[in-house]
Amino acid sequence: MVAPLDLLDVDTLLSDEERDIRALCRRVADDRVRPHVAGWYEDGTVPVRELAQEFGKLGLLGMHLTGYGCAGSSAVAYGLACMELEAADSGVRSLVSVQGSLAMYAIWRFGSEDQKQRWLPGMAAGELIGCFGLTEPDHGSDPATMATRARRDGGDWILDGGKMWITNAPVADVAVIWARAEEGVVGFAVPTDTPGFAAREIKHKMSLRASSTGEITLDGVRLPDSARLPEARGLKAPLSCLTEARFGIIWGAMGAARDCLTVALDYATTREQFGRPIGGFQLTQAKLADMALELQKGYLLALHLGRLRDASGALRPEQVSVGKLNNVREAIAIARTCRTILGGNGISGEYPVMRHANNLESVLTYEGTSEIHQLVIGQKLTGLNAFA
Ligand SMILES: Cc1cc2nc3c(=O)[nH]c(=O)nc-3n(C[C@H](O)[C@H](O)[C@H](O)COP(=O)(O)OP(=O)(O)OC[C@H]3O[C@@H](n4cnc5c(N)ncnc54)[C@H](O)[C@@H]3O)c2cc1C
């Protein structure tokens, strides 16, 4: 947290090592992302491979995993990295989340030893890019109804279907693909040069523009059984990967919100109207005070969940839902309010606020929409399933 925004001295709850990791991530975000990200956003491009190699050298890819070239850091350290990267741009944090928490985690948790040796060291180094294909054009919030099929053909498998909105897909070397087979949902580590696999870049996004997003088609993709993730059994396998990735979002969203508030605070103390700084008006101070409260509460929530996870090894899905629902909802509210403080400049790409606000629209939707997290929490509270 940037000191003036840390009203409660939450930073004092971090260890020296955690502060060092945060400083390193802040430096890489400042040096490698911030100077370029407005241009990437405007152009709708991002140098995924260059960034991945840079992040790989620093141990940021799959950093909370152990072995196979992964850094084995704590959950809190990983969260702080997500916070600093997303303070620069949600798209860049998405690159790291999808690589580490979705694609690498799926292989690390459910893969064979051969699959781990084949993919993980290169992915940790940023030499190989991974993606995670669960969502389909007609099946988003309800992946249990997925239409992509895996059928056995002798010793091989044949995949047919398609995946939509898949981060990193157009540049990926390996795609973790979830499909329905006779025995239920199964997962595969699919080399993207396999005949029948194609990934098309999704254009015209108004959000997360500094991120590569693709639509995957699977047309008779033949794979040996050794490509199947042997430990993944049923839908709970991909859902457990989502729980992993949602943890990073809980922290990341607060990074985007912090960046907006930092900019708005600076603007409010320097921009004058009616002969005085706009930060001197009570209505502006009310906005700033309310946003600072939510930022601190969100940071505390992220830190609490991180400490809980470091102590217990895992969070329950509803605990992650509390964090994702609250922090993304508050982050988007902070970004929109900061936008108002910047007036006309608030809509300009010269400032990061509108970019963050637009990015957070995607963050609100992916990894479970707000409504889905409300239903997870509601089911835990009542014991009643209101999903269908
Ligand atoms: C930029 C971006 C990147 C993404 N990256 C990935 C990725 O890497 N891999 C991947 O697999 N997916 C990815 N996604 C997909 C994302 O996870 C889905 O968009 C999300 O799960 C929602 O699915 P949907 O878009 O089909 O919306 P739908 O499921 O059709 O939902 C539409 C609306 O209906 C509401 N709704 C649905 N069901 C209920 C219900 N039971 N009760 C109340 N309301 C309900 C939703 O909350 C939402 O408001 C990405 C999406 C975006 C935008």
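This is a predicted model: local features need pLDDT of at least 70, side-chain atom pairs count only at pLDDT 80 or more; totals for chains, interfaces and linings use all residues.
Side chains of opposite charge can pair when their charged atoms come close. Arg32 counts as buried because its relative accessibility is 18%, and the cut-off for buried is under 20%.

Glu86 and Arg93 make another salt bridge, and here the closest N and O atoms are 2.5 Å apart. Both Glu86 and Arg93 are buried. A further bridge brings together the side chains of Glu361 and Arg336, at 2.4 Å from N to O. Glu361 belongs to helix H9 and Arg336 to helix H8 (residues 317-341), so this pair ties together parts of the chain that are 25 residues apart in sequence. Glu361 is partly exposed, at 34% relative accessibility, and Arg336 is partly exposed too, with a relative accessible area of 44%.

Helix H9 (residues 353-365) also holds Arg355. What surrounds that arginine? Setting aside neighbours within four places in sequence, Arg355 is in contact with Val37, Ala38, Tyr41, Ala88 and Asp89. With a relative accessible area of 11%, Arg355 counts as buried.

Back to helix H2, which spans residues 48-57: its buried residues are Val48, Leu51, Ala52, Phe55 and Gly56. Looking down the axis of H2, these residues fall within an arc of 135 degrees, so they line one face of the helix. What do they pack against? The buried residues of H2 meet helix H1 (16-43), helix H3 (75-88), helix H4 (90-110) and helix H5 (113-124). Just past the end of H2, Gly59 adopts a positive phi of about 80 degrees.

Helix H5 is also where Ala124 is found. Ala124 is buried, at a relative accessible area of 4%. Apart from neighbours within four places in sequence, Ala124 is in contact with Gly56, Leu61, Tyr68, Gly69, Cys70 and Met104. Among these contacts, Gly56 is one of the buried residues of H2.

On the outside, Leu7, Leu8, Leu13 and Leu300 form a nonpolar surface patch, and together they have about 390 Å² of accessible area. Leu7 comes from the segment before H1. Is Leu7 buried or exposed? Leu7 counts as exposed, because its relative accessibility is 56% and the cut-off for exposed is over 50%.

As for annotation, an unreviewed UniProt entry places the feature "domain: Acyl-CoA dehydrogenase/oxidase C-terminal" at residues 233-381. In the model, that span is 78% helix and 3% strand. The end C-alpha atoms of residues 233-381 lie 28 Å apart.

Definitions and conventions. Residues are numbered from 1 along each chain as its sequence is written. Side-chain values use heavy atoms; hydrogens and water are left out. Buried means under 20% relative accessible area, exposed over 50%, partly exposed in between (1.4 Å probe, protein chains only). Helices (H or I, at least four residues) and strands (E, at least two) are DSSP runs, numbered from the N terminus. The arc is that of the directions from the helix axis to the C-beta atoms. Contact means heavy atoms within 4.5 Å. Patches are made of residues with over 30% relative accessible area and no salt bridge: like charges are joined within 9 Å, nonpolar side chains (Val, Leu, Ile, Met, Phe, Trp, Tyr) within 5 Å. Accessible areas come from the Shrake-Rupley method with a 1.4 Å probe; for residues, only the protein chains shown count as cover. A salt bridge is a side-chain nitrogen of Lys or Arg within 4 Å of a carboxyl oxygen of Asp or Glu. UniProt positions are given in the numbering used here, feature names are shortened, and annotations may be inferred rather than shown by experiment.
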